[in-house]
Amino acid sequence: MNDQSTYRADLRIDVGAIRHNVAVLAGHARRSGARTMAIVKSDGYGHGALTVARAALDSGAEWLGVASIAEALQLRRAGIDAPLLCWLYSQDEDITPVIGADVDVSASTVADLHRIATAASGLGRTARVHLKIDTGLNRSGCPAEQWPDLVDSAARAQTEGNVEVVAVWSHLACADEPGHPSIDMQADRFERAYEQAKQAGLRPLRHLANSAAVLTRPDLHFDLVRPGIAVYGLDPVPQAGDHGLRPAMTFRSSVTLTKRIAAGEGVSYGHSWTAEQPATLALVPVGYADGVPRALSGRMWVWLAGKRRPVVGRVCMDQLMVLCGDDAVSDGDEVVLFGPGDRTEPTAAEWADTLGTIHYEIVTGMYRPRVSRTVVETEAES
């Protein structure tokens, strides 16, 4: 049954599932003696950053992580006062507001560190800094040859009182491929960088493990783990077994029109699909403007009136057509485009597999101006 009379396009966010997932992940961390930082960047991977942040902190997470300054300040303005790391900002952005809001910031260069220390000095505060070492992802992070200068500069800034070096951190490139040789290579490089930081007189925390490493590499949990996609119930390493996660996002719409068509009739632009026999079609008012990739045309299913049904013809900007055969389908019936998969409905992972991408991309791209977001809380199975 619908939990509202009708809707054009809606993301149903199950906070109970998020609580369950965070409890599972924090349990892994606690067994290793580590704390948990829930990553809520990109508006909580499309699920709503504030909603996820509150649920995560209630369920075992002690820290939060975001990419941008704007994301960090949004959480602080909403009253979130937990430890919060922000790691991605441009040279032109003013970092003073996040330091003033007691947000931890990342530094990958001596220049970053100088900016942070200068901003903190101007505020009369001590900035909390996480020094990032590039261990092989070759994205952000300090190159190994520049790392001694960075940790020495950080130690001086800490002595001067403008900076507190909270942590040394890095990010794994291939943790979602258990056994990949780069994982141990990066771990070794990370350990060397940490030892150099200690030699410079620092005593920072360490954090390296993303979702995949939380689930498969307890030896890399160190002091703090940083689950992201797993918080939302999407498993980064399904090949390593069932980790008991529950997808939190369901994308749904409702039937706005049904009609019978005769055999031989084509459907949607280009008539890429033609009916072989008389059939009922259901029009669903969502399309590629609402997050349904046009590339799924002829390759996707929905859950409607008790079973999976194929989408036929091309996905349009605002609508798509579902083949219902001779079954009884009514205007207003709920249509699930993807969900947890409990009823064999499609999942975000199924969309990703069909498109040759990852489920991260599916869920983070779903929240759009014409798509509402409804938060519910169910009790997920243990």
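Ser59 touches Arg19, Val22 and Ala23, not counting residues up to four places away in sequence, where contact means heavy atoms within 4.5 Å. The place of Ser59 is in the loop between H3 and S3; helices (H or I, at least four residues) and strands (E, at least two) are DSSP runs, numbered from the N terminus. Ser59 counts as buried because its relative accessibility is 15%, given that buried means under 20% relative accessible area, exposed over 50% and partly exposed in between (1.4 Å probe, protein chains only).

This is a predicted model, in which local features need pLDDT of at least 70 and side-chain atom pairs count only at pLDDT 80 or more, while totals for chains, interfaces and linings use all residues. Residues are numbered from 1 along each chain as its sequence is written, and side-chain values use heavy atoms, with hydrogens and water left out.

**Helix H4 and Lys41**

Helix H4 spans residues 69-77, and within it Ile69, Glu71, Ala72, Leu73, Leu75 and Arg76 are buried. These buried residues pack against H2, helix H3 (49-58), strand S3 (63-66), strand S4 (84-86) and helix H5 (96-100). Gly79, whose phi is positive, near 95°, follows H4.

Lys41 is found in helix H2 (residues 41-45). According to an unreviewed UniProt entry, Lys41 carries the annotation "modified residue: N6-(pyridoxal phosphate)lysine"; UniProt positions are given in the numbering used here, feature names are shortened, and annotations may be inferred rather than shown by experiment. Lys41 counts as partly exposed, at 27% relative accessibility. Leaving out residues up to four places away in sequence, Lys41 touches Gly65, Val66, Ala67, Glu71 and Trp87.

**Annotated binding-site residues**

The unreviewed UniProt entry also has a "binding site" annotation, which covers Arg139 and Met317. These residues are spread over 179 residues of sequence and are also spread in space, up to 35.1 Å between C-alpha atoms. From this set, the lining of the largest pocket takes in Arg139. Here a 1 Å grid is laid over the protein atoms alone, a pocket being an open set of points where a 1.4 Å probe fits, with protein on both sides within 12 Å along at least five of seven lines, and lining residues having an atom within 4 Å of a point.

Arg139 lies in the loop between strand S6 (127-132) and helix H7 (147-160), and is exposed, with a relative accessible area of 60%. Apart from neighbours within four places in sequence, Arg139 is in contact with Asp134 and His171. Met317, in turn, lies in the loop between strand S16 (307-312) and strand S17 (320-325) and is partly exposed, with a relative accessible area of 41%. With neighbours within four places in sequence again left aside, the contacts of Met317 are Gly287, Tyr288, Ala289, Asp290 and Arg370.

**Aromatic pairs and charges over rings**

Rings of Phe, Tyr and Trp (its six-membered ring) pair if their centres lie within 6.5 Å, with planes under 30 degrees apart counted as stacked, over 60 as edge-to-face and the rest as tilted.

| Pair | Geometry | Centre to centre | Angle between planes |
|---|---|---|---|
| Tyr45 and Tyr232 | stacked | 4.7 Å | 20° |
| Phe338 and Trp351 | edge-to-face | 5.0 Å | 80° |

A charge sits over a ring if NZ of Lys or CZ of Arg is within 6 Å of the ring centre and within 35 degrees of the ring normal. Lys132 lies over the face of Trp169 at 4.4 Å from the ring centre, and Arg206 over the face of Tyr194 at 4.5 Å from the ring centre.

**Nonpolar cores**

A nonpolar core is a set of buried Ala, Val, Leu, Ile, Met, Phe, Trp, Tyr and Cys residues joined through side-chain atoms within 4.5 Å. The largest such core has 118 residues, and those with the most contacts inside it are Ile116, Leu131, Phe251, Met300, Leu337 and Trp351. A second, separate core of seven residues includes Ile261, Ala275, Leu281 and Val312.
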